[in-house]
Amino acid sequence: MYVAVKGGETAIEHSLELLADRRRGARDIPEVSLQQIDEQLSLAVDRVMTEGSCYDRELAALAIKQARGDLVEAIFLLRAYRTTLPRFGDTLPIDTSRMVAERRISSTFKDVPGGQVLGPTFDYTHRLLDFALMANGERPAAPTAPVDAARDLPRVGDILERGGMLEPPPEETGAPAQDITRTPLTLPAARPVRLQNLARGDEGFLLALAYSTQRGYGNNHPFVGEIRFGAVPVSFVPEELGFAIEIAEIDVTECDMVNQFAGSHDVPPQFTRGYGLAFGHAERKAMAMALVDRALRAQELSENATSPAQDEEFVLAHSDSVEASGFVQHLKLPHYVDFQSELVVVRMLRAEVEARLQQAAE
Amino acid sequence: MPDSHQEGGAYNYAYLDEQTKRMIRRAILKAVAVPGYQVPFGGREMPLPYGWGTGGIQVTAAIIGRDDTLKVIDQGADDTTNAVSIRRFFARVADVATTTRTDEATVIQTRHRVPETPLKEGQVLVFQVPIPEPLRMLEPRETETRTLHALSEYGVMQVSLYESIARHGRIAKTYNYPVLVNGRYMMSPSPIPKFDNPKLDRNPALQLYGAGREKRIYAVPPYTPVKSLDFDDHPFEIERWTECCALCGSRESFLDEMIVDDAGKRLFVCSDTDYCRERQEKSGA
């Protein structure tokens, strides 16, 4: 019986010890280091930082190690740590046109100012298991072209926008963004709130929703205006200085999705946009986010909102893996009081039906 | 006063930082002022999973002090694993005295039960709430249910209870049975069995309800009327057992059913372990 009348405390202690033991695995295998996780499982670190809403490669690597590679559990660990951190203030918005891009592609134009830069991508790998890695993954450094960090990289969207073909990005209000980790979600939600929710949202959930829009559940005819990945500076204005200083450089993936829009009586046909941004290198996440962002703009653009991906309440309330994982798994907790209540009533109802049937038979 | 107690490592007293506690206390005050109304609050991520009592834990963390005595129960019992885990959490981060005795506790955090022993003035009962919205299974949209509450438009629940009577000849809803608080707001009593609903009515203790995942807090102040919904010709009724508790002989308490052998032989015992212990001690003395 997993809930002994007495002894739950000892059982929990032993369970924790067993868990720590299983995490370590066979003792004759060397322990994995945080640096190894950061360097060699870097995309897992990126995902944990993105959905954990905390840019810290070392802590994310620690969470992955502690969670035995369970990324949703690692995200939870990082979130629970993040929530206790003091807030010093908001940084200035990052400017991705200042990105030192390692990868940058557009699928809407054959060539764009700044060029198409393939960078490191799985896209053109043949998915054949590389058995050489079983023995030894060592390899010489890959050749890279020199990077001109001083040159701005204009966004494809900005170029298209100048001709009026593409809707401009929303006006900067200068108002501080509402922090969804500090204030409860209220509906209908403003787009910045939706984007925060999607950025923290489970990649699998967003991917499935994005896919559903492509299969006709809220199609919005998307094109990849641009995807870029690279390092951007982060600036902060300390109150005592009064001017911005660069405090860090972070890797981000940005996706600007361009979508068809037929126009309306008052608005000429124009392309609209969906936006995705993730920490580290996370194209699948950024693209899914951009598609869902655009789908959620259905009402604003007077489109028929009939599909799950266009349903703000449905998407925002169910996107969070930490919430979803907790509530689904809470079914493991004892429910025998509720179940007992059900037993009592079902027995009573059955007895009534049986009595009725017997009466009818006599 | 900020309290930078360092028990449990680098965390603040009772885990949450003081600003967060103040925010939660403001939500609690509002909830007490408007009985049964669900107050949205900036729920934090807790180091325990959502669905495992994070709302109750945040409420307890916001109200608990060093002179409190905490009792934590799950399914009526102090020794269920999750109750043990939550009690350990507070013993660790809030350095608080814990007890299993209902009459000794100043704060009782509970999941799925109200203690059998009557509560007193000055005690606080903190409920862990999974779905704070009583209308959620009838109307999944928050934007809709908010409007229904604003208009006191609760016909949809009455219809649902009527449908149950039409189908089964009686109201077959057994737990999380909807109540009307102070004649105004419909409220989910959390998934307690309806057996416990009458205890909510005009209870001398303060009842606080915390829903962490859904980020809502609501309250029933002491001595507030709480009415379980029903019909004149189908009055509210609670579960009854033909058996009595195998340990203490109680015929008044909520009984859990245990299967004791492979043949499916059943045994009934009190779900409230403290109540059962006290009765056994009295009869033994």
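In what order do the strands of the open sheet of chain B stand? I looked this up before anything else, and the entries below start from it.

**Entry: conventions**

I am working on a predicted model, where local features need pLDDT of at least 70, side-chain atom pairs count only at pLDDT 80 or more, and totals for chains, interfaces and linings use all residues. Residues are numbered from 1 along each chain as its sequence is written, while chains are lettered from A and ligands numbered from 1 in the order in which they are written.

**Entry: the sheet of chain B**

I read the order as S1-S9-S8-S5-S4-S2-S3, an open sheet of 7 strands with mixed pairing. A strand here is a DSSP run of E with at least two residues, a helix is a run of H or I with at least four, and both are numbered from the N terminus. Two strands pair if DSSP finds at least two bridges between them. I noted S1 (39-40) and S3 of chain B as the edge strands, since each pairs on one side only.

**Entry: strand S2 of chain B**

Is S2(B) enclosed or in the open? I found 5 of the 6 residues of S2(B) (residues 69-74) buried, so this strand is largely enclosed by the rest of the structure. A residue counts as buried if 20 or more other C-beta atoms lie within 10 Å of its own, as exposed if 12 or fewer do, and as partly exposed in between, with C-beta atoms placed from the backbone.

I then followed the path of the chain from S2(B) through H3(B) to S3(B), a β-α-β crossover that is right-handed. Right-handed is said when, with the strands pointing away from the viewer, the path from the first strand over the helix to the second runs clockwise.

Next I listed the partners of S2(B). With S3(B) (residues 97-98) the pairing is parallel, over 2 bridges. Thr69(B) stands opposite Ala97(B), and Leu70(B) has Thr98(B) as its bridge partner in S3(B). With S4(B) (residues 107-111) the pairing is also parallel, and I counted 5 bridges there. In S4(B), Val107(B) is the residue opposite Leu70(B).

**Entry: chain B as a whole**

I recorded 7 helices and 12 strands for chain B. Its C-alpha atoms fill a box of roughly 60 × 55 × 35 Å along the principal axes. A compact globule of 285 residues would have a radius of gyration near 19 Å, and chain B has 19 Å, so the two agree. That radius is taken over C-alpha atoms, and the globule rule is 2.2 Å times the number of residues to the power 0.38. Of the 285 residues, 50% count as buried.

I also checked contacts, meaning pairs of residues whose C-beta atoms, placed from the backbone, lie within 7 Å. Among those in chain B between residues at least 6 apart in sequence, 61% join residues at least 24 apart.

**Entry: helix H7 of chain B**

H7(B) covers residues 273-284, which is 12 residues, and spans 16 Å from its first C-alpha to its last, close to the 16 Å expected. The expected span is 1.5 Å times one less than the number of residues. I listed its buried residues as Thr273(B), Asp274(B), Tyr275(B), Cys276(B) and Arg279(B). These pack against strand S12 (266-270) of chain B.

**Entry: where the chains touch**

How many residues of chain B are in contact with chain A? I noted 43 residues of chain B, in contact with 37 residues of chain A. On the chain B side, helix H3 (81-93), helix H4 (142-150) and strand S11 (255-259) each supply at least two residues. The largest share, 4 residues, comes from H3(B).

**Entry: chain A**

I recorded 13 helices and 4 strands for chain A, in a box of roughly 90 × 65 × 55 Å along the principal axes of its C-alpha atoms. Of its 362 residues, 31% count as buried.

H1(A) (residues 8-24) reaches 25 Å over its 17 residues, close to the 24 Å expected. The number of its residues that are buried is 1, so H1(A) lies largely in the open. Gly25(A) follows this helix with a positive phi, near 70 degrees.

Last, I looked at strands S2 (residues 222-236) and S3 (residues 245-259) of chain A, which run antiparallel and are joined by 14 bridges. Arg228(A) stands opposite Glu254(A) in S3(A). S3(A) is also joined to S4(A) (residues 272-279) by 8 bridges, again antiparallel, and Cys255(A) stands opposite Gly276(A) there.

Notes: Two residues are in contact if their C-beta atoms, placed from the backbone, lie within 7 Å.
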